Amino acid sequence: MSLELIFAFILFAFVTSVTPGPNNMMLLASGVNFGVRRSLPHMLGISIGFMVLVVAVGLGLSQVFQQVPVLYTTLRYIGAAYLLYLAWKIAGSGAPDDSRAEKRPKPFTFLQAAAFQWVNPKAWVMAIGAITTYTPQENFAVNVVLIAALFALVNCPSVGLWTIAGSLLRRWLAEPRILRLFNIGMALLLVASLYPILMDVHGTL
């Protein structure tokens with residue numbers, strides 16, 4: 001890969017990682033409800049899980065989807081359904097110091113966040129875009145691994161900005177009623193983030 005292509009890809013990775021989407025909406029809510037430290041496994045899970053997804057797409061999954069498009073469409077609908085479930089969970093979150101410990105929500109674990117990338121519609125769009133647009137055919141397998149690693153390096157601090165922003169909002173959301181309204185708002189934004197994806201799927205049917 002040339003330096004010009006690498007710089008162009010880094011810009012693509014930053015813009016797609018830092019703009020609103022399911023991961024960032026959940027990290028913003030996680031930062032508010034759990035703080036940065038407890039959200040670190042969530043952040044790392046997103047970056048590492050996405051890196052594995054990019055490698056998988058580059059080394060064969062994209063060809064499978066080209067041959068059987070309905071698999072890709074089905075996966076996106078499964079992802080949308082799971083996001084709706086997560087939105088419902090976020091909307092029902094209470095204050096972090098809620099005395100009902102057994103019902104208190106917990107932040108995403110590393111494995112949960114990594115696995116979520118496989119049903120995250122935006123992640124699939126980003127991965128396919130990275131492979132089809134920025135990966136040279138010469139030494140393709142090596143370039144796929146390089147693209148995936150660069151994406152992970154750019155992605156982690158980018159999504160971390162949303163976690164930090166959420167953490168900074170914690171003192172203004174100390175009142176349980178206000179926090180509940182915030183969580184409901186985040187849930188609605190998470191649902192809204194599905195709209196472009198579902199419209200794209202509908203347009204391909």
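1. The buried residues of helix α1 are I6, F9, F12, A13, T16, S17 and V18, where buried means under 20% relative accessible area with a 1.4 Å probe, protein chains only. Helices here are DSSP runs of H or I with at least four residues, strands are runs of E with at least two, and both are numbered from the N terminus.

2. This is a predicted model, in which local features need pLDDT of at least 70 and side-chain atom pairs count only at pLDDT 80 or more, while totals for chains, interfaces and linings use all residues. Residues are numbered from 1 along each chain as its sequence is written, and side-chain values use heavy atoms, with hydrogens and water left out.

3. The length of α1 agrees with expectation: its 16 residues (3–18) should span 22 Å at 1.5 Å a residue, and the end C-alpha atoms are 22 Å apart. The expected span is 1.5 Å times one less than the number of residues.

4. Of its 205 residues, 46% count as buried. Among contacts with a separation of 6 or more, 86% are between residues 24 or more positions apart, a contact being heavy atoms within 4.5 Å.

5. Helix α5 covers residues 121–134 and reaches 20 Å from its first C-alpha to its last, close to the 20 Å expected for 14 residues. Because 10 of these 14 residues are buried, α5 is largely enclosed by the rest of the structure. The buried set includes P121, W124, M126, I131 and Y134.

6. At the start of α5, a side-chain oxygen of N120 comes to within 3.2 Å of the backbone nitrogen of K122. K122 is itself among the buried residues of α5.

7. How do α5 and α6 pack, by angle and axis distance? Helix α6 spans residues 140–168, and the two helices pack at about 135 degrees with their axes 11 Å apart. That makes α5 oblique to α6; oblique is what remains after under 35 degrees (roughly parallel), over 145 (roughly antiparallel) and 65 to 115 (roughly perpendicular). Axes are lines fitted to C-alpha atoms over the stretch in contact, and angles run from 0 to 180 degrees between N-to-C directions.

8. The residues that meet across this pair are M126, A130, I131 and Y134 in α5 and F140, V144, I147 and F151 in α6.

9. H42 is found in helix α2, residues 22–67. H42 is buried, with a relative accessible area of 2%. Leaving out residues up to four places away in sequence, H42 touches M26, L27, S30, F108 and A113.

Note on methods: Buried means under 20% relative accessible area, exposed over 50%, partly exposed in between (1.4 Å probe, protein chains only). A polar contact is a pair of N or O atoms within 3.5 Å; within protein, one must be able to donate a hydrogen and the other to accept it, and residues adjacent in sequence count only if both atoms are side-chain atoms.
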